[in-house]
Every structure is written in structure tokens, then in C-alpha cells.
Amino acid sequence: MCGIIACVGSDDAADTVLTGLENLEYRGYDSAGVAIQNGTDLVVRKRAGKISELTGGFVRDLPEGVSGIGHTRWSTHGPPTDENAHPHTSASGAVAVVHNGIISNYEALRSELETAGYAFESDTDTEVIPHLVEQYLTQGLDSDEAFRRAIDRLEGSYAIAMMIEGENVVRAARQGSPLVVGLHDDAYYLASDVPAFLEFTDEVIYLEDGDIVTAESGSISITNLAGDPISREVDVVDWDPEETGKGEYDHYMLKEIESQPESLSNTIRGRIDPDEPAVRLEGFPAGCFEDVSEVHFVACGTSYHASLYGARLLDEANVRVRTSRASEFTGRVPDPEGTLVVAVTQSGETADTLGALRAAWSAGADTLAVTNVVGSTMAREADDVLYIRAGPEIGVAATKTFSSQVVTLALLAERLTEDIDGAIRRDDLGSYLRHLSVLPDQIEEVIRTSRAEALSTKYEDRNAYFFIGHALQHPVALEGALKFKEITYEHAEGFASGELKHGPLALVTPGTPVFALFDGKHDEKTHTNAKEAQARGAEIIAITASERTAEFADDVLVIPDTHPDLSGLLANIQLQFVSYYTARRLGRPIDKPRNLAKSVTVE
Ligand code: F6R
């Protein structure tokens with residue numbers, strides 16, 4: 001969704017805000033803007049387009065300033081135009097506001113303000129906020145009161161930062177959209193996400209819904225809407241600012257694909273002991289899942305595919321399990337006492353998943369968030385949290401976080417199976433964990449040896465791309481297709497191998513590439529169905545560790561031999577490369593695909 005950044009007390013607010021916007025561009029990139037306060041004047045610059053278009057000359061005459069706010073937008077109300085870009089200002093220009101979220105009662109507020117004589121310049125819901133503040137200022141309220149009164153009128157979700165001309169103060173409010181504070185000496189930063197200000201500080205406060213912040217150089221206060229002081233802990237984040245840069249890579253996506261040996265090592269570290277053999281998850285001691293009789297995953301997109309992987313493992317262990325797309329979750333939990341609802345979410349902020357988590361909680365189920373982002377809304381709202389420890393992911397297309405989600409869910413599946421009555425524990429746990437412990441090295445091998453780049457040249461001009469897999473390879477096939485369509489803009493679909501002949505085969509024409517995933521255990525179905533497609537002219541690209549399986553294929557992407565339950569993780573790396581290199585050949589904006597945003601905080 002949109003990203004907001006604000007700072008006060010730093011030496012050069014304009015530079016800080018622009019740096020923050022560049023760091024946040026993955027959250028939205030159809031327009032951007034800044035407002036900088038130089039003590040007396042409030043200077044606003046904004047326009048449709050990417051951050052680089054804003055920074056490239058357009059803002060050269062900005063004052064350095066001592067405080068500032070900035071915004072990168074992903075449109076929800078109104079198209080990406082200069083007028084709809086944030087900050088939005090009041091009629092006099094004295095109040096500037098940036099906002100992430102949706103003001104659900106904006107139509108009523110807008111018509112009330114229009115009746116009172118306020119003219120609107122944009123189609124956005126946000127513009128009601130500066131007008132409301134100005135109205136209250138005109139009525140004689142001081143800045144603090146005017147801001148609080150305006151916030152009190154808003155319904156919906158918001159993270160807001162506001163400045164008033166002549167005051168070196170940033171005021172902010174949070175309700176339902178993420179907002180974090182960064183602290184460094186006398187300077188304060190406010191942003192939608194920690195990477196925005198990570199090069200300035202690693203000390204953060206995660207705000208809660210209802211918090212109001214007033215920050216000026218050397219002093220910050222957090223209160224509730226009524227003005228009562230609220231105390232929030234300061235956390236130190238252990239993400240390295242280097243991790244959030246592109247380094248020598250052309251794209252974040254490639255960097256993130258190639259960092260998977262490291263991110264996966266972090267996911268596993270201290271959690272597995274192949275010798276005992278045992279899985280240990282911090283915060284989930286032996287017996288803690290004894291009351292669970294059913295597991296219900298809720299998630300979206302890539303996280304949904306990771307959930308399908310986890311669910312299949314539990315199903316094979318005889319655990320009652322369901323998986324819902326969060327946006328389709330009905331909120332019904334027939335046995336709340338025994339149900340553990342697991343929200344799987346990289347960002348911890350996805351509105352559909354958050355809605356499902358809250359519905360499950362209201363229905364009386366125990367809730368667990370499996371997420372990458374410490375301090376995210378779902379990490380805080382769920383009864384328990386399990387971190388996937390993948391480190392910051394900036395590319396809009398999820399890559400390393402999918403692998404870390406799958407492995408975290410695989411470990412969770414082992415812990416659940418250990419505790420749940422009637423579950424069947426795997427009899428090869430030691431060997432499974434041993435294979436898991438060397439998976440990061442095997443991923444390294446795939447990265448070193450992959451032929452995906454050459455293959456993408458061969459297949460770059462086809463009309464459609466299919467991905468098939470059976471059992472644990474099925475979610476990987478779905479993920480392969482999602483990644484492919486997301487960044488290449490080409491038509492791609494993933495299917496369960498056996499489903500091909502029940503309809504999709506009609507779409508196969510001579511030359512259609514079919515990526516077929518083999519795990520060494522469930523290969524027959526995929527083999528038969530791939531051959532059927534081949535008989536209709538499809539070209540089969542086998543992703544396999546077995547030379548024998550590969551014999552019939554038109555092309556092969558080799559993966560190292562591993563445990564069948566882990567082979568999908570290696571196959572997925574090959575598919576990530578296929579998507580990446582195809583998108584690159586087609587000249588797509590890989591890190592920021594059109595119409596998509598990293599964190600989708602609207603339903
Ligand atoms: C695809 C992708 C999305 C996300 C989905 C859920 O590459 O990244 O499909 O997986 O929007 O996001 P999270 O995991 O943050 O809840």
C-alpha cells in the first residue's frame with residue numbers, strides 16, 4: 001500500500017525524507033510527494049510517477065528544513081495524478097498531511113466540508129483531513145486540539161503524519177495501518193515500515209491503534225486521543241541497513257533470490273537437532289499444542305501457497321487441517337476450543353489476513369501469526385507469534401520469504417504433530433532434519449549451476465506458461481505460476497498434475513511450455529500428465545533430481561537430491577530464476593510490477 005515517512009530534528013529534513021521515500025518505494029510507486037518545514041514556510045512538492053522522477057530535479061529547490069513529511073502512493077481513491085499525490089494541504093496551504101489507509105466516512109466529511117465552503121482539489125479520501133484541521137484551527141483551537149478533533153472524526157484505517165506551517169512539530173496518528181517511530185538523539189522518524197529509516201537509527205517504537213504522537217526536536221510524546229500519556233517500549237531491530245540496499249545487484253528480486261542460503265539458515269538456526277532428533281520452536285514448549293484438534297491456515301497470495309505446503313504436511317501426519325484464502329474466510333470456526341488459526345503473512349499487515357485473524361479470534365479460536373516482521377500488527381494481535389526470520393524483503397514479488405515460510409511451517413508441523421493426539425509422527429525425522437540442515441548449501445548449488453537464464457531465452461515468446469506438480473509440488477507449481485505472471489505479465493497458470501486432463505489440457509497448443517515438478521516420491525501422476533501434454537505439442541521442462549525422470553523431457557532444470565518433502569524448496573528456486581530472467585528479457589520493472597504493492601493494507 002502507500003508508504004509514509006516523517007522526520008523532525010534531523011540536520012537536513014529534505015534529504016532524510018527523500019531517502020526514506022526511496023527506501024519505502026516498494027510500498028507504492030504511482031506518485032510521491034514531500035512537505036518540508038524550514039521554520040517559517042511549508043514547502044510542498046508532489047507529482048505522479050516514481051520517486052526517481054520526484055528526486056530527479058523536481059525537488060532541487062527544497063529548503064533543507066528541520067522537519068518534513070513524505071509519501072509514496074499506490075492509488076485507491078482516484079487515479080495517480082499530480083493532484084491526487086500526497087501531501088494534501090488545506091485551503092490556505094498551512095496544513096499538510098500524508099496518509100496511508102482508507103477513510104471510510106470521507107464522503108460524508110467531504111460533503112460537510114464542501115457545504116462549509118471548502119474546495120477540494122483531489123479525488124482522494126485523505127484531503128478531508130487537512131481541511132478538517134484547518135476548520136478547527138479557524139474555530140480557535142490550538143494545533144494539538146485541532147489535530148485530535150480531526151482524528152476523532154475519522155472512520156476507517158489510517159496512519160497519518162501532519163505538519164502545520166510555522167511549527168517544527170510532526171503530529172501523527174495510527175488506527176489500523178502500520179506506523180513506527182524511530183529515535184536517534186534529538187531526532188525522531190515516523191514511517192510505515194522500519195526500513196524507511198534504518199540507516200538513521202535501529203531504535204524503534206511500534207505504535208498501537210489509537211496512539212497519537214507529537215514530535216519535535218528533542219521531545220516526543222505518545223498519548224491516546226483524550227491526551228492521556230501512553231508509555232511504549234523502545235525496541236532495537238537487528239536488521240542490517242546493508243540488507244535493505246540493492247548492493248551490486250540490478251534488482252532486489254535477484255538479490256533476494258540469491259540470499260536464500262543465508263535467510264534460510266537464519267530460519268532454521270537453533271530450531272532443529274537432527275541427532276536427537278528434535279524440533280524446538282522458541283515460545284512453543286513441548287505439550288503446548290496438546291489442546292489443538294484442528295489447524296486452520298488463513299493467508300493470501302504467496303503466503304497462501306506456503307500455507308498449502310504446511311497443510312499438506314499436516315494432512316499426511318493425520319492432523320485435521322484446512323486452508324482458506326483470507327479474503328474468503330467466512331469467520332466460522334465450528335470448534336473454537338480445539339482450533340488453532342494460523343495467519344501466514346510476510347508483512348504482518350495484509351488487511352484480508354488481519355480481518356480473518358480478527359474474525360477467528362472473535363469466534364473464540366486460538367490464533368498464531370507466522371510472519372517476517374517483528375512488531376507488525378498481526379505479530380502483536382495474534383495470541384502467539386512465530387517469526388520466519390527471512391530479513392527485510394523489498395522486491396514486491398515474495399521470494400526468500402516464501403522459502404522461509406515453508407520451512408517455518410514445516411517445523412511448526414513437526415511440533416504440532418508431536419503434541420496433537422492421534423497425529424502420526426514421521427519415522428524418518430532424523431534424516432528429514434539432516435536434509436533440512438544442508439538445504440541452504442543445496443540452494444547455493446542451485447544458484448551456482450542454474451540453467452534458468454538460458455532457458456528463459458528459449459521460451460520467452462510463448463503465449464502461455466503452465467506449471468504442474470502433485471502433492472507438495474502442487475503449491476510450488478501455483479507459486480511458480482504466480483511469480484511468473486506477477487513479474488513477466490505473461491499468462492501463467494499452476495495446476496495439480498492430475499487436474500490437467502480435467503479441463504486445462506484444452507489450452508495446451510504446440511510449443512506451450514509446461515514446467516513439471518518432480519520430488520522423487522509422487523512422480524507418476526506428474527509424469528503421466530506431462531506426457532499427455534507433450535503428446536499435444538507442449539514442451540516439458542522437468543525440474544527434477546533424477547536423470548531417469550528427465551529422460552522424456554524437452555528441457556531439464558536440475559536440483560540436488562534431497563528428502564522428497566523438501567525438494568519443492570529447491571525446485572522453487574529454479575522457478576524464481578525462470579520468472580526473473582524472463583521478466584528481465586522482456587524489460588519488465590521487476591521489483592515494482594504494475595498495479596501491485598508489497599503490503600496490501602486494504603481489503
Ligand atoms: C506475491 C506476493 C503476494 C503476497 C500477498 C500476501 O509475490 O508477495 O501474493 O504474498 O499479498 O502478503 P503477506 O504475506 O504480506 O500477507
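Predicted model: local features only at pLDDT ≥ 70, side-chain atom pairs only at ≥ 80, totals over all residues.
Local features here need pLDDT of at least 70 and side-chain atom pairs count only at pLDDT 80 or more, while totals for chains, interfaces and linings use all residues. Residues are numbered from 1 along each chain as its sequence is written, and side-chain values use heavy atoms, with hydrogens and water left out.

Let me start with the ligand, which is surrounded by 13 residues (a heavy atom within 4 Å), and the closest of them are Ser303, Thr345, Gln346, Ser347 and Thr350. Three of these place a polar atom by a ligand oxygen: a polar side-chain atom of Thr350 lies 2.5 Å from one, a polar side-chain atom of Thr345 lies 2.7 Å from one, and for Gln346 a backbone N or O atom lies 2.7 Å from one. On its own the ligand has 410 Å² of accessible area (Shrake-Rupley method, 1.4 Å probe), and the protein covers 89% of that.

Which helix gives the most to this shell? That is α8, with 3 residues; α8 spans 301–316, and both α8 and α14, at 473–488, supply at least two residues each (helices being DSSP runs of H or I, at least four residues).

Technical notes
Polar contact = N/O pair within 3.5 Å; in protein donor to acceptor, adjacent residues only side chain to side chain.
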